[in-house]
Amino acid sequence: MSENTESPELTMRHIKDNLVDKEIICVVEAIEPTISGTFQALQSYRADDIEFGGKFAPCMSQNDGKVYVDMDKFHQIVLPSEESQRFYIDKES
């Protein structure tokens, strides 16, 4: 009896096809210390919203002991380098 140790190549197309009817929901929660108010932000992502290999751009900074959030950068995506993009190409098996 021979064992098949080879597994089929998992391509980005397979991953994206599997995510078609799925949704990722992110919850960010914070507590404002002065009045102890709880704040939540909800964001959902579907397969078309995901930039595989991308990452969120830095949107927070600190100055004079205060933390700032740049809302213009909050949903900005930094794409992968050209060298690593080859791992995220849709290729058919």
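Which residues lie nearest the centre of the largest pocket, and how many residues line that pocket?

A: The largest pocket is lined by 21 residues, and those nearest its centre are Val 28, Ala 41, Met 60, Val 69 and Phe 74. This is a predicted model, in which local features need pLDDT of at least 70 and side-chain atom pairs count only at pLDDT 80 or more, while totals for chains, interfaces and linings use all residues. Residues are numbered from 1 along each chain as its sequence is written, and side-chain values use heavy atoms, with hydrogens and water left out.

A pocket here is an open set of points on a 1 Å grid over the protein atoms alone, where a 1.4 Å probe fits and protein lies on both sides within 12 Å along at least five of seven lines; a lining residue has an atom within 4 Å of a point. Rolling a probe the size of a water molecule over the atoms shows where empty space is left. The space in the largest pocket comes to about 450 Å³, a volume being the space filled by probe spheres set on the points, which are joined across faces, edges and corners. Strand E1 (24-32), E2 and E5 are the elements that give two or more residues to the lining of this pocket, and E2 supplies the largest share, six residues.

To place these elements, the protein has two helices and six strands, arranged along the sequence as α-β-β-β-β-β-β-α. Helices (H or I, at least four residues) and strands (E, at least two) are DSSP runs, numbered from the N terminus.

Strand E2 covers residues 37-45 and includes Phe 39. Leaving aside neighbours within four places in sequence, Phe 39 is in contact, meaning heavy atoms within 4.5 Å, with Val 28, Glu 29, Ala 30 and Glu 32. Val 28, one of the residues nearest the pocket centre, is eleven residues from Phe 39 along the chain, and their C-alpha atoms are separated by 8.2 Å. Phe 39 has a relative accessible area of 47% and is therefore partly exposed, since buried means under 20%, exposed over 50%, and partly exposed in between, with a 1.4 Å probe and protein chains only. In the loop between E1 and E2 sits Ser 36, which has a positive phi of about 55° although it is not a glycine; with a relative accessible area of 54%, Ser 36 counts as exposed.

Strand E5, which also contributes to the lining, comprises residues 66-69 and pairs in the antiparallel sense with strand E4, residues 60-63, over four bridges; two strands pair if DSSP finds at least two bridges between them. Within this pairing, Ser 61 stands opposite Tyr 68 in E5. The hairpin of E4 and E5 has two residues between the strands. Asp 64, in the loop between E4 and E5, has a phi near 55°, a positive value in a residue other than glycine, and this residue is exposed, with a relative accessible area of 72%.

Among contacts between residues at least 6 apart in sequence, 40% join residues at least 24 apart.
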